[in-house]
Amino acid sequence: MVMLKMKDCPASLSLHYKGTLCSFFPITSEKDLQYYEDYSNDHIIRNLRKGYNLKQQIGLLKIFVNIFEERRRNNKKVSMEDHIHFLIAIFALIKFKQLENNELNGHLILKNKQRKRTKTTTK
């Protein structure tokens, strides 16, 4: 998964957990909400094929999002790979009805502001 600069995208996907804004991902014509949902579903299926049942996956996902949220809330460093795993975990927990997509938890699509261009004059 290649990340784009947010200023180059028309919208962004924000991910929240326990009221903490934890991560952003770009929304483009190629990477829309369905793309991210499918990405999460693929991860779930790969883990099922590796022998992890849904109960095991849900337990691990809950542990991961709690640790990730705590690190973000305490301004500790998290890797890009951790952001991607957080995205997978949030979508999976919503799919498994372990998390409700609301104002405190889940995802929200935000339209990026268009920056006004200002003229500069030289004297």
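Which residues line the second largest pocket? They are His43, Ile44, Asn47, Tyr52, Gln57, Leu60, Leu61, Phe64, His85, Ile88 and Ala89. Keep in mind that this is a predicted model, where local features need pLDDT of at least 70, side-chain atom pairs count only at pLDDT 80 or more, and totals for chains, interfaces and linings use all residues. Residues are numbered from 1 along each chain as its sequence is written, and side-chain values use heavy atoms, with hydrogens and water left out.

**The pocket**

- The second largest pocket has a volume of about 190 Å³. On a 1 Å grid over the protein atoms alone, a pocket is an open set of points where a 1.4 Å probe fits, with protein on both sides within 12 Å along at least five of seven lines, and lining residues have an atom within 4 Å of a point. The volume is the space filled by probe spheres set on the points.
- Helices α1, α2 and α3 are the elements that give two or more residues to this lining. Helices (H or I, at least four residues) and strands (E, at least two) are DSSP runs, numbered from the N terminus.
- The most comes from α2, with four residues.
- Sorted by class, the lining has seven nonpolar, four polar and no charged residues. Here Ala, Val, Leu, Ile, Met, Phe, Trp, Tyr, Cys and Pro count as nonpolar, Asp, Glu, Lys and Arg as charged, and the others, Gly among them, as polar.

**Helix α1**

- Helix α1 covers residues 33–49, and its 17 residues reach 25 Å from first C-alpha to last, close to the expected 24 Å. That expected span is 1.5 Å times one less than the number of residues.
- Its buried residues (under 20% relative accessible area, with exposed over 50% and partly exposed in between, using a 1.4 Å probe and protein chains only) are Tyr36, Ser40, His43, Ile44 and Asn47. They sit on the same side of α1 because they cover an arc of only 100 degrees around the axis; the arc is that of the directions from the helix axis to the C-beta atoms.
- Those buried residues pack against β1 (11–17), β2 (20–27), α2 (54–73) and α3 (80–95).
- Just after α1 comes Gly51, with a positive phi of about 105 degrees.

**Helix α2**

- Gln57, Ile58, Leu61, Val65, Phe68 and Glu69 are the buried residues of α2. They fall within an arc of 100 degrees seen down the axis, so they line one face of the helix.
- The face turned away from that buried side carries the exposed residues Lys55, Leu60 and Ile63.
- Covering the buried residues of α2 are elements including β1, β2, α1 and α3.

**Loops**

- Lys18 lies in the loop between β1 and β2. Lys18 is not a glycine, yet has a positive phi of about 55 degrees.
- Glu70 and Lys18 are 52 residues apart in sequence but 9.7 Å apart in space, C-alpha to C-alpha.
- Asn75 is in the loop between α2 and α3, with a positive phi near 55 degrees. Asn75 counts as exposed, at 71% relative accessibility.

**Ser14 in strand β1**

- Ser14 is in strand β1 and counts as buried, at 1% relative accessibility.
- Ser14 touches Leu21, Ser23, Phe24, Gly106, His107, Leu108 and Leu110, not counting residues up to four places away in sequence. Contact means heavy atoms within 4.5 Å.
- Ser14 and Ile109 are 95 residues apart in sequence, but 6.2 Å apart in space, C-alpha to C-alpha.
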